[in-house]
Amino acid sequence: MKIICIGRNYADHAKELNNPVPSKPLVFMKPPSALLVNNKPLYYPEFTNNLHYEAEIVLKICRNGRHVQPEFAHKYYEQIALGIDFTARDVQNQCKEKGHPWEIAKGFDGSAPISEFINLDRLMNPGAIEFELTKNGEVVQSGNTKDLIFSFDTIICYVSKFFKLQVGDMIYTGTPAGVGPVVVGDELAGSIEGKPFLTCAIK
Ligand code: ZN
């Protein structure tokens, strides 16, 4: 199982970090050990002083495939979840400045909380999925997948040119504006279409 992530996939988020809007999907990965399931807490890592949340809709891959063509892309996912792409922003900025890879800033243990998965056909609006993240009860991120720069199908086609998609792989599809820091004691909660899906306490 692999965890594929798409960066800068909402224009408002690219703008808030002063990043250009990409012309192709920006792809990175996290190792399976990054997953945090069952609403477990995240222990604040000692190597960062600027840990950020990024709430994202996550696809689960349901069939194997390479070089997926656009007309078949929708057959590769049936379920979505809410995930958080935790990022050590200070470490990431150091990596970017030096032109180094991002993995230590993005793929550390517990950096990928994930909720239960739900079938797309159980959603009110699978083509425009509303999701939200609160921090200590206050809304910090509100997203809608209709605002994705690269759609689910486009991501499937692009990623499968490089990496064989395999059943059980997950794709974190990018975060909307509103990313920000957490401190020990914070409580994050994520919802999809108004229903609670995920909680993550910072310890
Ligand atoms: Zn992200």
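Which residues does Val139 touch, not counting residues up to four places away in sequence? The legends below take up this question and other close-ups. This is a predicted model, in which local features need pLDDT of at least 70, side-chain atom pairs count only at pLDDT 80 or more, and totals for chains, interfaces and linings use all residues. Residues are numbered from 1 along each chain as its sequence is written, and side-chain values use heavy atoms, with hydrogens and water left out.

**View 1**
Val139 touches Glu132, Leu133 and Thr134, leaving aside residues up to four places away in sequence; contact means heavy atoms within 4.5 Å. Val139 belongs to strand β11 (residues 138–144). Helices (H or I, at least four residues) and strands (E, at least two) are DSSP runs, numbered from the N terminus. With a relative accessibility of 48%, Val139 counts as partly exposed. Buried means under 20% relative accessible area, exposed over 50%, and partly exposed in between (1.4 Å probe, protein chains only). Leu188 is 49 residues from Val139 along the chain, and their C-alpha atoms are separated by 9.6 Å.

**View 2**
Glu54 (OE), Glu56 (OE) and Asp85 (OD) coordinate the zinc ion at 2.0 to 2.1 Å. Along the chain, these donors follow the spacing E-x1-E-x28-D. Donors are N, O and S atoms within 2.8 Å of the metal (3.2 Å for Na, K and Ca); water is not among the atoms, so sites may look incomplete. Glu54 is buried at a relative accessible area of 4%, and Glu56 is buried at 0%.

**View 3. Aromatic pairs.**
Six aromatic pairs are found in a search of the whole structure. Rings of Phe, Tyr and Trp (its six-membered ring) pair if their centres lie within 6.5 Å; planes under 30 degrees apart count as stacked, over 60 as edge-to-face and the rest as tilted. Tyr77 and Phe152 have ring centres 5.7 Å apart and planes at 85°, so this pair is edge-to-face. Because Tyr77 lies in strand β6 (residues 77–84) and Phe152 in helix α4 (residues 152–159), the pair ties together parts that are 75 residues apart in sequence. Tyr77 and Phe152 are both buried. The pair of Phe162 and Phe163 is tilted, with 6.4 Å centre to centre and 50° between the planes. Phe162 is exposed, at a relative accessible area of 52%, while Phe163 is partly exposed, at 31%. Ring pairs also link Tyr158, Phe162 and Phe163 into a cluster.

**View 4. Charges over rings.**
The charged end of Arg63 sits over the ring of Tyr76, 5.5 Å from its centre. Likewise, the charged end of Lys106 sits over the ring of Trp102, 5.9 Å from its centre. A charge sits over a ring if NZ of Lys or CZ of Arg is within 6 Å of the ring centre and within 35 degrees of the ring normal.

**View 5. An open sheet of six strands.**
The six strands of an open sheet run in the order β2-β1-β12-β5-β6-β9, with mixed pairing. The edge strands, β2 (26–30) and β9 (118–119), each pair on one side only. Two strands pair if DSSP finds at least two bridges between them. Strand β1 (residues 3–7) pairs with strand β12 (residues 170–172) in the parallel sense over three bridges. Met170 in β12 is the bridge partner of Ile3.
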